[in-house]
Amino acid sequence: MEGGHSSELAEKPMTTISRHYFGDDLEESPFSISIIENMKEDYGLFVWPCSIVLAEYVWQQRLRFSGASVIELGAGTSLPGLVAAKVGANVTLTDASDRTEVLDNMKKVCDLNKLKCNVLGLTWGVWDASIFSLHPKVILGADVLYDTTAFDDLFATVTFLLQNSPGSVFITTYHNRSGHHLISFLMAKWGLKCLKLLDGFSFMPSDKASGLSGNIQLTEIVLNDVQP
């Protein structure tokens, strides 16, 4: 292949649409969610395993999400949030304010799936006007625990949202690369506690689990009301 042609291909964004199925014929109202993915190296909009696991959890807990106010942090391709919207939640999809391509893609994916979600630029640790009006019952975050330098900003934002909406919960999936110790440390630091900790594969259908790898955990985190 000639160099010029190769370079031209390398610069062209590799956009695909993946389809993700929930439920089966034995369950009520099975459906699929279509996601626009972009494999361009510095763009990175594709569905991570943690998103697939969290989206499946939302589907299996769908009665809990119906009618609830839900925010997805660092949503990216937004699969968990879109599933929540499909089962009747009032969903706000968020990602960093400066990631305009990602935010634009969220709007396209909502349109593609004929779902009405609020799309909002929300940068962790930044206190602009938009965050004060958010009162979520459930906060979702798939693979948001990957950059240790952002952990405190993430947990500051999560803690504020939990305080802003009494009785709310943060549900997150993450690759358990260094044990649960770091998460435990951060929860203690920010006055939070773990309500539930699950192996991500423990509730995945076998056909979905077979395509995933890694040690994925799901945890539900709430405010620790019992202060020392």
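Which residues do ring pairs link into a cluster? They are Phe22, Phe31 and Trp59. I will come back to them after some background.

This is a predicted model, in which local features need pLDDT of at least 70 and side-chain atom pairs count only at pLDDT 80 or more, while totals for chains, interfaces and linings use all residues. Residues are numbered from 1 along each chain as its sequence is written, and side-chain values use heavy atoms, with hydrogens and water left out.

First, the chain as a whole. The protein chain has nine helices and nine strands. These are DSSP runs numbered from the N terminus: helices are H or I with at least four residues, strands are E with at least two. Of the 228 residues, 50% count as buried. Buried means under 20% relative accessible area, exposed means over 50%, and partly exposed lies in between, with a 1.4 Å probe and protein chains only. Contact means heavy atoms within 4.5 Å. Among contacts between residues at least 6 apart in sequence, 67% join residues at least 24 apart.

Now the rings. The structure holds six aromatic pairs. Rings of Phe, Tyr and Trp (its six-membered ring) pair if their centres lie within 6.5 Å; planes under 30 degrees apart count as stacked, over 60 as edge-to-face, and the rest as tilted. Phe22 and Phe31 have ring centres 5.5 Å apart and planes at 25°, so this pair is stacked. Phe31 and Trp59 are edge-to-face, with 5.4 Å from centre to centre and 80° between the planes.

Phe31 is buried, and so is Trp59; for Phe31 the relative accessible area is 11%.

A charge counts as over a ring if NZ of Lys or CZ of Arg is within 6 Å of the ring centre and within 35 degrees of the ring normal. Arg62 lies over the face of Trp59, 3.8 Å from the ring centre. Lys208 has its charged end over the ring of Phe22, 3.9 Å from the centre.

Next, helix α8, residues 181–189. Its buried residues are Ile183, Leu186 and Met187. Seen down the axis of α8, they fall within an arc of 100°, so they line one face of the helix; the arc is that of the directions from the helix axis to the C-beta atoms. His181, Phe185 and Ala188, on the other side, are exposed. The cover over the buried residues includes α7 (151–164), β7 (169–175), β8 (192–199) and β9 (216–223). After α8 comes Gly191, with a positive phi near 70°.

Of those strands, β9 is mostly covered, with seven of its eight residues buried. Two strands pair if DSSP finds at least two bridges between them. Thr172 has Thr219 of β9 as its bridge partner, and Lys193 has Val222 of β9.

Last, a single residue. Where is Ser78 found? Ser78 is in the loop between β3 (69–72) and α4 (79–86). Ser78 is buried, with a relative accessible area of 2%. Leaving aside neighbours within four places in sequence, Ser78 is in contact with Glu72, Leu93 and Met106.
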